[in-house]
Amino acid sequence: MPRHQRLLDALNDTPTRSPVPEPPVPLVRLWLLRILLPLGGLRQLLHDGQGVSGLLATLGVPHALREGGTDAAGLVAIRRVLESDWQALEAQADAFALPVALEENLARLAALVQLSAVDCRLLGCACLLQALRLFEDAADTLGPLTPAKAIGVLATLLDLPEVAVKRALAPAGVLAHSGLLSLRRAGQGTLSTRLELFSASFAEAMLAPDTEPLALLRGAVASSAPARLTLDDYPHLGLSRTLLRTYLASALGHHSAGGSKRGTNVLLYGPPGTGKTELCRTLAAVLDCELLEVSAADEDGDPIGGEQRLRAWRAAQRFLARRRALILFDEIEDVFTSQTEGDVTGLFALHSPNPGKHRKGWLHRALETNPVPTFWVTNAVGEMDAALIRRFDLVLELPVPPRQVRDSIARATVGALVGAETLAALAASAVLAPAVLTRAADVVRQVGAGLDPAQRDAALLALVNHTLRAQGHTAVMACDPQRLPCTYDPRLVHADVDLQAIAQGIAHASHTGGVRLCLYGLPGTGKSAYARWLAEQLGRPLQLWRASDLLAKWLGASERLVARAFHDAQEDGAVLLIDEIDGLLQDRRGAAQAWEVTLVNELLTQMESFPGVFIATTNRLEGLDPAALRRFDLKLQFRALRPEQAWALLGSHCAALGLGVPEEGLRQGLRSLASLTPGDFATVARRHRLQPLRSAQDFVIALRTECGFKPGGVGAGTMGFV
């Protein structure tokens, strides 16, 4: 066994914990003796009795004395042996140095981040304290230390002026500012727990020969995975793609040329799985620069807290200051919250009564001065302080992509796995994030050999819907129960205008501005169905919201939901339909709560500014706010069917259900149902699945029953054909 290995094993009293070179024995011995003698650790060591044999043997105390007990005489004898050695080492202290590898790495690091001699001495001590077990055990004999006492111990241990140690470990010092070494100021702690290094693997890397500076970031900052997408995969971002690319290119150019010291920061937010992280990787690839990610977990897979991640980001800013690089700080929820608790040691003020306030101030300054452009990624910005948000150069939301993009993603991801109907249903979901679909597709592919085509559709939908429900979203329906039936014909809807002519007019007018329609009338008269048909005629997706979907129990949340509905429809290029809008647009003159007024105001504002086609339906036109009524371009009334419409609709339904052509004798009985609507026909058609009808006459009898459930039992009298 090499000599240095034997010595290191002896120092640790166990096999070496990492492949590091041997620290010079004289320096380690001197530090151990300073801890035990002038700092008073010997008495506690002998009192506890733990580790006595190993530590004292390392320091050359004879076996007889080590085993002779811990009475006063024994303590005096041991102290006499140690003091003799200590005085000899103190006389030569100026000749001692740190391990060669550690010295060389500290020199490289000092040049990179401008460390002083005191900084290097403290950092070297902290590395050895973490790497050598007996050194840590010896320091633990000093017991819990306050921050001030820890500074005093370090001053004695390293033979440095206490004021110099205090200045070097101050929050504004280079060590803390760069994230390399911080003095934890909160709670109780021994010397080893008071000194917090950049990462768990930092000491090991510093003690290894010829360590590259970037290798010191291992475990806290890592190279990002290569990009899998291109900017063409983000067409829904529009001009924002160009802004991101050109702004970052300019920032990198200034950075490489040693230009402006102003920070460059981009905030990306949106639901999980919408491609925020992939966009960062794609931009780095387009700009031909490195992208390094601040890790959320260490090399053992354990989570890294927000404070340590901030230190890692700060260190990376120093390490990468002269490189063409970008930094990705993902999952920032534990860093940029409005309610901050606890202190971030080394970053904020000493003994602060309000550490959250200092975190905010520190972040403000950090976002204004970071030299390496940074992406900050989160799922939501609701908990972020507004003062922080305004300090980002670009703030960009990545929503679930619009329908056209979702179609492309669905075809590329699962087009070969599922049928056309399932594919259309997946693309129609406005809450299904691409990453959710991709993960479900990967699972189905892995088990695909054991599934037939029909099972693949069901399995994929089940996987997707389990995730959507867990996220609080509506599941994807394999067969949309609200889709237009094959029997739909706008000529068989009784409205006070020509619905086909209205569709042509809207198609022309929608190119020059927003269109706002109010469809009113009795339930079942075809209002929502016409909105669906109109969207199909315009070649646009339909986004349907019920009034109840937009009402929330928290103050201000309903207004945000309304704004979101209009925003998403605009981004999707969709026709926006709000059903039963009387639940949202009630007359403000009868409002009992202030939020009812603000909700109506928000909806009116969104209606006026919406550039697309907006359709509202209601059964109660008389209850709507007068100001809202004035804002609709058209108010279309839908009524019960005319007799000729009811007869034609009966014929189409009977043909679709295989019931044959209705006999002429049924016409008069159908005419007597004055309250008949398209909704009644749809209800009877659904009933046929459960209780099959045998003839057109059965269909008419079922229609009569439906009309009998209406107020007044309209049309429930005796029918001539019975």
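## Close-up views of a predicted model

**View 1. Ala 296 and its neighbours.** Leaving aside residues up to four places away in sequence, Ala 296 touches Asp 302, Pro 303, Ile 304, Arg 309 and Glu 331. The model shown here is predicted. You can find Ala 296 in the loop between strand 5 (290–294) and helix 17 (306–319). With a relative accessibility of 31%, Ala 296 counts as partly exposed.

**View 2. Ser 295 in the loop between strand 5 and helix 17.** Is Ser 295 buried or exposed? At 16% relative accessibility, Ser 295 counts as buried. Its contacts, not counting residues up to four places away in sequence, include Gly 219, Ala 220, Val 221 and Ala 222.

**View 3. Strand 4 (residues 265–269) and its two partners.** Strand 4 is mostly covered, with five of its five residues buried. Asn 265, Leu 267 and Tyr 269 point one way, while Val 266 and Leu 268 point the other way. Strand 4 pairs with strand 7 (residues 374–378) in the parallel sense over five bridges, and here Asn 265 stands opposite Thr 374. Strand 4 also pairs with strand 8 (residues 394–397), again in the parallel sense, over four bridges. In that pairing, Leu 268 stands opposite Leu 396.

**View 4. The buried residues of helix 9 (residues 133–140).** These are Leu 134, Phe 135, Ala 138 and Ala 139. They cover an arc of only 140 degrees around the axis, so they sit on the same side of helix 9.

**View 5. A salt bridge between Arg 228 and Glu 278.** The closest N and O atoms of Arg 228 and Glu 278 are 3.2 Å apart. Arg 228 lies in the loop between strand 3 (221–223) and helix 15 (239–256) and Glu 278 in helix 16 (residues 276–287), so the pair ties together parts that are 50 residues apart in sequence. Arg 228 is exposed, at 68% relative accessibility, whereas Glu 278 is buried, at 10%.

**View 6. A salt bridge between Arg 391 and Glu 368.** Here the closest N and O atoms are 3.0 Å apart. The pair links distant parts of the chain, with Arg 391 in the loop between helix 19 (386–389) and strand 8, and Glu 368 in helix 18 (residues 355–369), 23 residues apart. Arg 391 counts as buried at 18% relative accessibility, and Glu 368 as partly exposed at 39%.

**View 7. Cys 125 and Cys 127.** How many disulfides are there? The count comes to zero. For Cys 125, the closest cysteine sulfur is in Cys 127, and at 9.2 Å it is too far for a bond. Cys 125 counts as buried, at 1% relative accessibility.

Note on methods. Residues are numbered from 1 along each chain as its sequence is written. This is a predicted model: local features need pLDDT of at least 70, side-chain atom pairs count only at pLDDT 80 or more; totals for chains, interfaces and linings use all residues. Side-chain values use heavy atoms; hydrogens and water are left out. Buried means under 20% relative accessible area, exposed over 50%, partly exposed in between (1.4 Å probe, protein chains only). Helices (H or I, at least four residues) and strands (E, at least two) are DSSP runs, numbered from the N terminus. The arc is that of the directions from the helix axis to the C-beta atoms. A disulfide is a pair of cysteine sulfur atoms within 2.5 Å. Contact means heavy atoms within 4.5 Å. Two strands pair if DSSP finds at least two bridges between them. A salt bridge is a side-chain nitrogen of Lys or Arg within 4 Å of a carboxyl oxygen of Asp or Glu.
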